[in-house]
Structure formats: C-alpha cells, structure tokens
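Hi,

Here is the structure I promised to pass on to you. Have a look at it first, then read on.

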Amino acid sequence: MVAVAPGLTVLDRRRIDLIDPAAIRAKQPYHTAETMNLPDAKQFLDLCLDRATELAAEAIRATVADLESRRYQIDACGVLFASGRIGASLSATLASHALIHTADGDHFRNAIASAAKTHGLMVSAIKERELTNLAPAEIILRVGAMGKTMGPPWTQDEKLATLAAYLVLEKRV
C-alpha cells in the first residue's frame with residue numbers, strides 16, 4: 001500500500017498481510033478450494049474473504065489514522081486488478097487452473113476494495129496493464145527512480161501502487 005501527496009510525494013508505504021496463518025493457512029485460497037466439494041469450497045472461500053477483508057480494514061484504518069495525524073486527508077484509493085478472465089461460476093473457476101490463478105489474485109484485491117469502501121474511501125479499480133497508458137511517461141520515469149531516494153526495497157508492486165495512487169490523486173481514473 002502506497003499513499004502519495006500532490007507533487008508525487010510518497011507519504012507512506014507498507015506491506016499489508018491479508019492472510020491470518022493462525023485462522024486460515026491458505027496463501028492461495030482458490031488453489032486450496034480446488035480439491036473441495038463445491039459447498040465446502042464456497043464456505044471456505046467466504047471465510048477466507050471475510051478474514052482478508054478484516055485484515056485489510058485494520059491496515060487501512062491504521063494507515064488513514066497515521067496520515068490524518070500528520071494532517072493529510074485520505075478520501076480515495078486505487079486498487080490494481082489483473083486483466084485475466086473471470087469464470088462464469090465457482091465450479092467453472094475451480095475447474096480451470098488459469099482461472100484459479102486469476103481468482104486468487106482477485107480474492108485479495110476484492111478484500112482491499114471492500115475494506116476501503118467500508119472506510120468511506122472512493123475506490124477506483126484500475127487494470128494493471130493499463131497503468132502505463134494512463135500515466136504520463138515522465139511520471140513513470142520518476143516513480144521508477146524513487147527507489148534511489150527512498151531506499152530499498154522499491155519493488156515493482158510498490159511502483160505500480162504509486163502509479164495507481166498518482167492516477168487517483170490526479171483524477172485520471
């Protein structure tokens with residue numbers, strides 16, 4: 001999760017863990033559900049989503065509180081989504097390994113979006129592959145170079161989150 005201010009200043013960056021190993025040990029819920037019968041899979045996935053959403057809400061709450069204590073107002077966020085196919089049903093998803101991968105990623109993205117909405121944030125869903133088409137080339141270059149001043153790690157997911165935050169802040173999405 002990355003928060004930015006006008007001028008493309010990174011205010012905060014942190015990793016949020018959406019898996020509770022004490023409660024649910026599945027790092028890839030749809031992969032785990034693949035071997036279950038359909039009713040058990042549905043119940044398991046609902047449980048995983050509920051817990052991931054709770055963890056996302058806790059992380060968002062802490063981040064927003066920290067930023068507000070520094071006199072920043074947070075009212076929107078961007079959530080990056082994959083561009084993969086979506087299954088027509090749970091049974092169709094669990095029958096396709098490719099759809100399982102997409103569903104696992106979307107599972108956590110949906111948890112973040114739901115948690116953000118719970119906090120009253122406007123959520124912009126952005127397809128990851130569209131980021132470079134939506135952001136100006138000079139912004140993409142600036143984001144890529146930020147790791148030198150911010151220090152490691154400056155991973156690809158942090159760069160993409162920063163671009164998404166910029167696009168939301170600048171109302172480009």
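A word on the ground rules. This is a predicted model, so local features need pLDDT of at least 70 and side-chain atom pairs count only at pLDDT 80 or more, while totals for chains, interfaces and linings use all residues. Residues are numbered from 1 along each chain as its sequence is written, and side-chain values use heavy atoms, with hydrogens and water left out.

Let's start with the spaces. On a 1 Å grid over the protein atoms alone, a cavity is a set of points where a 1.4 Å probe fits but cannot get out; a pocket is an open set with protein on both sides within 12 Å along at least five of seven lines; lining residues have an atom within 4 Å of a point. Grid points are joined across faces, edges and corners, and a volume is the space filled by probe spheres set on the points.

The largest pocket holds about 1,300 Å³ of space. Of the 44 residues lining this pocket, M1, V2, G78, I112 and A161 are the closest to its centre. Helix α7 (156-169) gives the most to that lining, with 8 residues. (Helices are DSSP runs of H or I, at least four residues, and strands are runs of E, at least two, numbered from the N terminus.)

Now the salt bridges (a side-chain nitrogen of Lys or Arg within 4 Å of a carboxyl oxygen of Asp or Glu). The structure holds 10 of them. In one, R14 pairs with D66, with the closest N and O atoms 3.7 Å apart. R14 is in the loop between β2 and α1 and D66 is in helix α2, so this pair ties together parts that are 52 residues apart in sequence. D66 also meets R70 in a salt bridge (3.4 Å, N to O), and D12, R14, D66 and R70 are linked in a network.

Another salt bridge joins D157 and R15 (2.6 Å, N to O). Because D157 sits in helix α7 and R15 in the loop between β2 and α1, the pair ties together parts 142 residues apart in sequence. R15 is exposed, at 56% relative accessible area, and D157 is partly exposed, at 41% (buried is under 20%, exposed over 50%, partly exposed in between, with a 1.4 Å probe and protein chains only).

Cheers
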